[in-house]
Amino acid sequence: MLLTDKTAVISGAASARGIGRATARLFAEQGARVAILDLDATAAKGAAAELGPDHIGIGCDVGDLTNCRQAAEQAIAAFGKIDILINNAGISQPLKVMDIAPENWQLVVDVNLTGVLYLSQAFIPHMRTRKQGSIACMSSVSAQRGGGIFGGPHYSAAKAGVLGLAKAMARELGPDGIRVNSVTPGLIQTDITGGKLTSEMKADIIKGIPLNRLGDAKDVANIYLFLASDLSAYVTGAVIDVNGGMLIH
Ligand SMILES: NC(=O)c1ccc[n+]([C@@H]2O[C@H](COP(=O)([O-])OP(=O)(O)OC[C@H]3O[C@@H](n4cnc5c(N)ncnc54)[C@H](O)[C@@H]3O)[C@@H](O)[C@H]2O)c1
């Protein structure tokens, strides 16, 4: 087992078919105690209960700093220490550039980018005290190729911001023993698309994927596991593509 005696916090981990939920299951299988954070507090608690009695669910809007601080206090109090933070929460909106209203921009940036900063800020002092920690941040292939799959330009911008933020945090926090890395998935079959992705759109996308299939939540969870575990002890500031070859660069 790769995460024996480790504790992990995963944001956006309540939705049934989501990447965060698959990651929570995998981390628990690998020996970690997991705190599931999600906007939907009831679903977070339900998801944690499904994993077993050692795990907890906490309601948290990652775009709200006070909320993030409260969630961090709760998680640290429950587990005594936090080794791993997975900044996974995110939302997407399929809008064209001229259709992005100020409130669309604000919400997508708040959750996808500001949320990474706020939740990291909530745990960094604790990790600094312990001189250890692994933080993994969710970006997207959309940041690298300028969208064109599902999310709009505001989503691409927010996810590109995550890459800069994570690299800068890696540089600043390395001397404190804290590693920070990012993942850039291609199209993963979850409910984030809210049923708006038709089978024709999927077939079209698969034509551009050398591995000839869309991704599964577990494909990304496996990379989060690598980044969370000591297998990646000498990896920081890295960006790992999980896209089946959709973008090779
Ligand atoms: N599915 C894909 O193709 C794909 C590709 C690249 C990146 N991503 C990213 O992966 C992450 C997970 O997405 P998913 O596909 O599993 O979608 P999902 O909708 O299944 O999961 C997202 C979760 O985040 C939660 N959430 C939303 N807003 C939140 C907030 N303000 N605070 C806390 N939690 C919040 C939701 O309740 C949900 O449980 C997102 O950041 C997404 O942008 C997904």
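In this predicted model, the helix α4 gives the most to the lining of the largest pocket, contributing four residues. Alongside α4, the elements α1 (19-29), β2 (33-38), α5 (141-145) and α6 each supply at least two residues of that lining. The largest pocket holds about 860 Å³ of space, and of the 44 residues that line this pocket, N88, A89, G90, I91 and I192 are the closest to its centre. Sorted by class, the lining is made up of 20 nonpolar, 18 polar and six charged residues.

The space taken by the ligand is this largest pocket. Around the ligand stand 27 residues, among which S15, I19, D38, Y155 and T190 come nearest. The helices α4 (102-130) and α6 (153-173) each supply at least two residues of this shell, which by class has 14 nonpolar, 10 polar and three charged residues.

| Protein atom | Ligand atom | Distance |
|---|---|---|
| backbone N or O of L39 | nitrogen | 3.3 Å |
| backbone N or O of V62 | nitrogen | 3.1 Å |
| polar side-chain atom of T190 | oxygen | 2.5 Å |

Taken alone, the ligand exposes 820 Å², and the protein buries 91% of that area.

The second largest pocket contains about 160 Å³ of space. This pocket is lined by 13 residues, and R213, D219, V242, N243 and G244 lie nearest its centre, while the lining as a whole divides by class into six nonpolar, five polar and two charged residues.

Methods
Residues are numbered from 1 along each chain as its sequence is written. This is a predicted model: local features need pLDDT of at least 70, side-chain atom pairs count only at pLDDT 80 or more; totals for chains, interfaces and linings use all residues. Side-chain values use heavy atoms; hydrogens and water are left out. A residue is near a molecule or strand if one of its heavy atoms lies within 4 Å of it. A polar contact is a pair of N or O atoms within 3.5 Å; within protein, one must be able to donate a hydrogen and the other to accept it, and residues adjacent in sequence count only if both atoms are side-chain atoms. Accessible areas come from the Shrake-Rupley method with a 1.4 Å probe; for residues, only the protein chains shown count as cover. On a 1 Å grid over the protein atoms alone, a cavity is a set of points where a 1.4 Å probe fits but cannot get out, and a pocket is an open set with protein on both sides within 12 Å along at least five of seven lines; lining residues have an atom within 4 Å of a point. A molecule sits in a cavity or pocket if more than half of its atoms lie within 2 Å of its grid points. Ala, Val, Leu, Ile, Met, Phe, Trp, Tyr, Cys and Pro count as nonpolar, Asp, Glu, Lys and Arg as charged, and the others, Gly among them, as polar. Grid points are joined across faces, edges and corners, and a volume is the space filled by probe spheres set on the points.
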